[in-house]
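Here is a set of exercises to work through with the model open beside you. Try each task yourself, then read the solution step by step.

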Amino acid sequence: MAIRPVLKMGDPRLLQVAEPVTQFDTPELDALVADMFDTMAALDGAGLAAPQIGVGLRVVIFGVAANPRYPQVEPVPTTVLINPSLEFPDNDREDGWEGCLSVPGLRGLVPRYRRLNYSGFDQRGAPLARSVVGFHARVVQHECDHLDGILYPMRIRDLRLFGYEDTLFASSSDAPAA
Ligand code: NI
């Protein structure tokens, strides 16, 4: 498969609402998912949404292995999530630092719901449903925002907490970008 160029903030395609997938288990969908994994791995990302490679479909992938470089980051299982639906069981939110492969080099402090129930399908059309908290919930909210044309800087409440990663975190690393 192939590493695809990732669109950067400013490209109008990142602001569009993506369309649902209507056919599962097709060579085209397999190729899209494979390209997304290749691209995410090449850029060392935590997640990627199809619109970030210019494909306007409701497909996201994510996954974070335990990494001694980021001991504060909880592992997230490698997942393909298509036509996702999100439900927030309560209003509890927390702030966390986010980055995005479409906003390279920058980080911002973003409020997200702490608890999330999400469901959808994998590329074969098999249903998937999970209840998650914390970093896993954050990654899914970030990726699914891409499907509605929302980039994390739009959700930052205090733009003083938005800046270049190498300057914000001069002495420490933070969560990988998605
Ligand atoms: Ni992103």
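**Exercise 1. Is Cys144 buried or exposed, and how many disulfides does the structure hold?**

*Solution.* Start with Cys144: its relative accessible area is 6%, so Cys144 is buried (buried means under 20% relative accessible area, exposed over 50%, partly exposed in between, with a 1.4 Å probe and protein chains only). Before going on, a word on the source: this is a predicted model, where local features need pLDDT of at least 70 and side-chain atom pairs count only at pLDDT 80 or more, while totals for chains, interfaces and linings use all residues. Residues are numbered from 1 along each chain as its sequence is written, and side-chain values use heavy atoms, with hydrogens and water left out.

Next, look for a partner. The closest cysteine sulfur to that of Cys144 belongs to Cys100 and is 13 Å away, which is too far for a bond. Cys100 counts as buried too, at 2% relative accessibility.

**Exercise 2. Work out the strand order of the five-stranded sheet, and find which strands stand at its edges.**

*Solution.* First, the ground rules. Helices (H or I, at least four residues) and strands (E, at least two) are DSSP runs, numbered from the N terminus. Two strands pair if DSSP finds at least two bridges between them.

Now trace the sheet. It is open, its order is β1-β2-β3-β6-β7, and the pairing is antiparallel. At the edges you find β1 (47–49) and β7 (127–133), each of which pairs on one side only. On average, neighbouring strands here are turned by 35° against each other, direction ignored (axes are lines fitted to C-alpha atoms, for helices over the stretch in contact, and angles run from 0 to 180 degrees between N-to-C directions).

Zoom in on one pair: β3 (residues 76–87) and β6 (residues 115–121) run antiparallel and are joined by four bridges. For example, Glu87 has Asn117 in β6 as its bridge partner.

**Exercise 3. Now do the three-stranded sheet: what is its order, and which strands have a single partner?**

*Solution.* The order is β4-β5-β8, in an open sheet with antiparallel pairing. β4 and β8 each have a single partner strand, so one side of each is left without a neighbour in the sheet. From one strand to the next, the twist averages 25°.

Check the pairs in turn. β4 (residues 93–100) is joined to β5 by seven bridges, and a hairpin links the two through two residues. Along this pair, Arg93 stands opposite Tyr113, and Trp97 has Leu109 as its bridge partner. On to β8 (residues 162–164), which three bridges join to β5; here Arg107 is partnered with Gly163.

Last, ask how covered β5 is. In β5 (residues 103–113), nine of the eleven residues are buried. α2 lies across β4 and β5, at about 60° to β4.

**Exercise 4. Which residues touch the most other members of the largest nonpolar core?**

*Solution.* The core has 20 residues, and the ones to pick are Phe62, Leu81, Tyr118 and Val140 (a nonpolar core is a set of buried Ala, Val, Leu, Ile, Met, Phe, Trp, Tyr and Cys residues joined through side-chain atoms within 4.5 Å). Who supplies it? β2, β3, β6 and α2 each give at least two residues, and α2 has the largest share, with six.

Take Leu81 as a test case. Leaving aside neighbours within four places in sequence, its contacts include Phe62, Tyr118, Val140 and Cys144. There is also a second, separate core of 17 residues, with Val33, Ala50, Ile61 and Leu101 among them.

**Exercise 5. Where are Asp25 and Asp44 found, and what is phi for each?**

*Solution.* Asp25 sits in the segment before α1, and its phi is near 55°, a positive value in a residue other than glycine. With a relative accessible area of 48%, Asp25 is partly exposed. Asp44 is in the loop between α1 and β1, with phi near 60°, again positive.

Technical notes
A disulfide is a pair of cysteine sulfur atoms within 2.5 Å. Contact means heavy atoms within 4.5 Å.
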